[in-house]
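The sequence and structure come first.

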Amino acid sequence: MAEKKYAYYSGCSQETSSKEYDISLRAVMKALDVELVEPEGWSCCGSTPAHTVNHVLAAALAARNLALVEKMNMPVLTTPCPSCLTAFKEANHRMENDSFKKDVNSLLDNPYNGTVDAKSSLQIIYEDIGLETIASKVKYVFTELKVAPYYGCIMNRPPALAKFDDPENPIAMDKILSALGLNVCDFAFKTECCGAGYGYTKKDMMKELTYKVLDMARDAGANCIAVACPVCQMNLDLNQKEINKDRGSDFNMPVIYFTQLMGLAFGCSPKELAIKKLIVNPDKLLKNRMLKSETDKGQDKEKLKASA
Amino acid sequence: MSDVGTKELRIVGFLCNWCSYGGADTAGVGRFKQPTDLRIIRVPCSGRVDPLFVVRALLTGADGVLVSGCHPRDCHYSEGNYYARRRLEMLRRLLQFMGIDEKRFHYTWVSASEGQKWQQVVTDFTKQVHELGPLHDKKEKAD
Amino acid sequence: MRVGVFICHCGSNIAGTVDVARVAAEARKIPGVAFATNYMYTCSEPGQDEIKAAIKRENLDRIVVAACSPRMHENTFRKTIQKAGLNKYFLEMANIREHIAWIGNDKELNTEKAIDAVSMAIAKVMQNKPLHATSFKINKRVLVIGGGVAGMQAALDCADGGLDVVLVEKSPAVGGIMARLDKTFPTIDCSICILGPKMVDVGQHEKIKLFAYSEIEEIKGYIGNYQIKIRKKATYVDWEKCTGCGLCMEKCPSKNSYDYFNFGVAPTKAINIPFPQAIPKKAKIDPNYCRQFLKGKCGVCAKICPTGAINYEMKDEIVTEEVGAIVVATGYGLLDQNILTEYGGTRYPDVISGIQYERLLNASGPTSGHIERPSDHTEPKTIVFVSCAGSRDKSIGVPYCSGFCCMYIAKQAILTKDHIPDSQSYVFYMDIRSPGKGYDEFTRRAQEEYGAQYIRGRVSKIYPKGKKMIVRGADTLLGTQVEIEADLVVLATAAIAAEGAAEMAEKLHISYDTFGFYVESHPKLRPVETNTSGVFLAGACQGPKDIPSSVGQGSAAAAKVLSLFSRDMLESDPAIAQVNTNACVGCLKCLKTCPFQAIVEDTLRSGKKVAKVIETVCAGCGVCTSTCPCGAIQLQHFTDNQLLSEVSAICQM
């Protein structure tokens with residue numbers, strides 16, 4: 001039996017455009033001996049369009065899923081997608097108000113009592129599993145990678161709702177990546193907007209914002225970006241060619257899910273992690289890998305040298 | 001102005017001179033509107049409040065009693081509020097044996113600078129007592 | 001018994017929402033009331049005369065005044081009735097302003113409530129007994145806690161007035177924040193040049209006993225008679241022998257100690273004298289950095305010291321001082337920059353706080369007054385100042401304005417131009433707050449004469465790009481976003497309560513607000529008094545203040561102490577506990593609960609053991625009264641009968 005068990009909501013992106021996030025997360029959780037249970041018959045979280053139209057409707061969409069989890073008697077629902085996360089957290093928050101709760105439950109077949117806590121998979125990995133366990137599972141260290149950790153705009157915001165990490169300078173992913181033995185850059189644009197919200201309506205603005213994030217990552221000395229949000233990933237990954245064309249720049253920076261990096265370090269094959277799905281090919285950066293035991297030896301040698 | 005809407009009830013408040021009485025003054029100076037049911041008795045320290053005062057008030061006509069002192073560690077007399085806390089907590093648990101709902105009694109800590117908190121305490125407690133209604137079958141006040 | 005009741009209109013403050021005439025009419029119906037009236041301003045001279053006249057005319061022996069809070073005017077009216085020949089404890093006040101008129105708009109309900117309040121006061125006053133104060137001697141020495149500019153001013157004024165002063169400063173030298181400043185606004189006076197002589201006076205005044213590097217351990221007693229325990233922290237240098245030559249500091253091999261005086265702008269030595277003008281000019285070892293303490297071997301300072309003052313075995317020492325009054329001048333602290341993560345916290349070396357910049361400007365600072373970037377020691381050309389870095393920001397719990405930042409930013413912008421003529425300063429501001437003599441003109445000079453660019457808006461992010469710091473903010477006047485490439489960014493971090501302010505307040509039994517600033521007795525009329533008589537406030541411990549205000553308060557607190565000490569005897573409050581020896585069974589539960597050890601065991605001539613109250617020690621809390629199982633010990637003026645009569649007045653079924 002698995003050591004830890006969570007209700008798991010993958011969300012629509014992870015079923016479609018960012019399947020690799022779901023695949024890699026499941027692979028990592030398996031390696032970490034964590035069981036993920038999908039609520040049967042889950043539906044849309046209500047994230048993007050609903051809340052701009054009607055708060056009760058939006059909360060009802062989210063609460064329907066939370067009610068399923070409540071029925072499973074599980075206290076925590078985890079989702080990799082920050083947008084789904086916000087939808088769940090906001091529904092929970094708004095439903096603390098009794099009359100709002102009544103309105104929402106009048107729309108649902110099975111009422112939701114507000115007992116399920118929603119947490120991002122990043123938070124679960126950072127807080128519940130912990131850096132020590134992560135470090136202990138590491139088989140390979142990828143020496144070429146210089147990673148800029150990018151959290152996106154809503155993973156830790158609004159702080160009163162997110163209740164996780166710092167809203168301006170989050171460090172959870174930095175620490176996880178460091179535990180994998182990776183070279184992590186001090187990246188100032190961890191939470192800057194990537195512009196994805198304007199992906200269709202104001203393409204120029206989107207490209208401007210995406211450019212800034214990529215540019216800052218390069219300035220920070222990174223050769224790839226680690227992400228935790230499917231929309232950021234798509235946006236940063238997909239648009240590099242077009243930005244290069246517009247600006248004469250030469251970005252060719254892989255944008256990799258932090259779960260994929262974890263999986264690679266744990267010894268999963270690129271196929272198991274659906275690395276191929278990424279647009280900007282990271283293969284060249286992933287070529288050099290060392291057994292962790294060897295890097296340890298290397299460090300020991302250096303230490304010996306230093307002390308001598 | 002009783003924002004609870006129904007007829008006024010009788011609520012007695014014992015307030016320590018240094019913190020909570022000052023807090024109620026601060027609320028007044030700030031014009032923080034409150035329900036009017038509360039009648040305030042000034043005591044030097046919440047430690048001066050004999051639990052029997054509370055019982056006496058509840059048995060002879062009060063519908064609720066509120067005691068408020070300085071925050072723990074901030075007592076003007078060093079430790080009077082610690083004695084108050086022990087005595088009043090004991091009293092709270094005893095009230096049900098007298099057939100009195102413990103919700104009719106509340107003790108709390110409000111400092112002299114916390115006018116807004118005082119407004120909140122009075123509003124919440126008055127609402128709580130109104131939800132329980134009158135404790136006694138009162139005769140109309142004789143004129 | 002003939003009770004007189006006086007209902008005050010307080011202009012329209014009370015009469016606006018309370019039917020005062022009806023309250024007076026209802027009061028007249030209460031048995032025992034001989035006279036009741038309402039009056040426009042009862043506290044005014046004619047109002048008080050009216051009370052005195054009525055006492056004579058109507059032969060009144062108890063008085064109830066229904067007006068504002070007794071915390072405001074109880075003493076006023078006590079004096080009034082005393083002048084008319086009544087014992088001052090024959091007065092009760094009904095608080096119908098703060099507790100009634102100001103918190104409700106329904107005149108009908110307010111009037112009912114006021115009638116109840118007056119009934120309670122009448123019931124109580126009829127139970128009151130005459131009480132007589134005894135007098136006791138005052139110890140005419142004063143303790144000043146904190147040696148910043150406010151504390152030094154208070155100490156010097158008291159000492160010049162002939163009082164013995166004990167001045168306790170927790171850091172190794174007096175001077176406080178002001179000693180760290182380069183220049184002062186709006187005159188651009190050199191800060192240490194005007195403060196230095198005061199510091200020397202404090203060090204040399206024969207009436208001032210200075211305890212530097214010392215903290216208050218314990219405070220016992222009451223106005224006129226305090227016993228203070230002071231912890232003299234170990235400096236590991238015998239200050240009797242230390243001449244302040246500085247040889248030890250020169251030779252000390254531990255070069256990376258945190259420099260508290262310079263707010264960490266540059267490291268200092270493990271043994272150091274904080275700054276050249278330090279008073280006392282004595283060396284001190286920081287055991288967190290000293291090799292002798294960390295590794296157990298070094299001893300360089302001990303070898304080099306010409307007077308043999310170094311003593312690694314030194315321990316903290318507790319000394320006791322007795323005083324009659326206390327001035328608290330513990331100053332303020334600065335917000336931890338690490339909280340401001342949107343500005344990088346302390347991640348970027350070229351984003352510094354205002355006080356650190358002050359040290360960079362200062363000729364006796366770590367860079368000898370040359371402005372340089374901490375990262376690469378180059379001279380910055382573009383400097384951005386961010387005001388309200390934390391201030392007026394509810395989300396981090398500092399909703400208030402820190403008061404002096406707008407002014408010091410203007411000053412620093414002016415000084416920057418003086419130091420580096422080809423530099424350009426930018427100031428992001430929410431509002432320019434410069435109410436003070438010559439203050440607004442000063443901020444204009446910074447803009448008009450010194451070319452500082454003021455941008456109205458907040459900064460949302462600061463991040464590095466190459467060697468520059470990019471400051472991104474809003475320009476709300478242009479309605480646009482701006483980004484400035486800066487070489488150096490200075491944050492005007494918020495002023496917050498001093499470290500340990502709450503613990504100090506608890507030792508002193510004074511109140512502090514949500515933010516840790518001390519609460520004055522009255523926000524307008526008693527700005528340096530506290531609710532604990534004998535304890536006075538000076539400077540920024542009460543709230544952020546600039547230098548002139550702090551100095552003003554220091555002098556004001558000193559004046560209060562001098563006027564208190566102008567008498568030889570003080571009257572004690574007779575509202576203290578009293579034992580009825582007939583009822584006392586000698587269980588002595590009261591002795592165990594008394595917070596002041598004011599109760600002792602006594603044996604009557606009959607051999608009966610009873611409790612006895614030491615009158616001068618009893619503070620009048622009444623814990624003993626609610627402890628006594630047989631009602632034998634009663635707090636005067638708040639006896640069981642008196643309080644229960646108030647309960648009965650409103651709880652008649």
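The sections below cover conventions, the chain interface and the domain interface.

## Conventions

This is a predicted model: local features need pLDDT of at least 70 and side-chain atom pairs count only at pLDDT 80 or more, while totals for chains, interfaces and linings use all residues. Residues are numbered from 1 along each chain as its sequence is written, chains are lettered from A and ligands numbered from 1 in the order in which they are written, and side-chain values use heavy atoms, with hydrogens and water left out.

## Chain C against chain B

Chain C contributes 56 residues to the contact and chain B contributes 55, where contact means heavy atoms within 4.5 Å. About 4700 Å² is buried between the two chains, 56% of it on carbon and sulfur atoms; buried area is the accessible area (1.4 Å probe) that two parts lose on being put together, summed over both.

The interface of chain C and chain B holds 6 salt bridges, each defined as a side-chain nitrogen of Lys or Arg within 4 Å of a carboxyl oxygen of Asp or Glu. One salt bridge joins the side chains of Asp116(C) and Arg10(B), at 3.1 Å from N to O. Elements of chain C that each supply at least two residues to the side touching chain B include helix H5 (107–127), helix H14 (501–508) and strand E32 (633–635); helices (H or I, at least four residues) and strands (E, at least two) are DSSP runs, numbered from the N terminus. The largest share of that side, 7 residues, comes from H18(C).

## Domain 1 against domain 2 in chain A

Chain A is divided into domain 1 (4–121) and domain 2 (138–294), with bounds from an automatic or database domain assignment. The domain centres, taken over C-alpha atoms, are separated by 25 Å. The contact draws 24 residues from domain 1 of chain A and 23 residues from domain 2 of chain A.

Between them the two domains of chain A bury about 1900 Å², with 75% of it on carbon and sulfur atoms. Glu20(A), Tyr21(A) and Pro82(A) supply 32% of the area that domain 1 buries against domain 2, more than any other three residues. On the domain 1 side, two or more residues come from each of helix H1 (12–15), helix H2 (19–31) and helix H4 (82–94) of chain A. H2(A) gives the most, with 9 residues.
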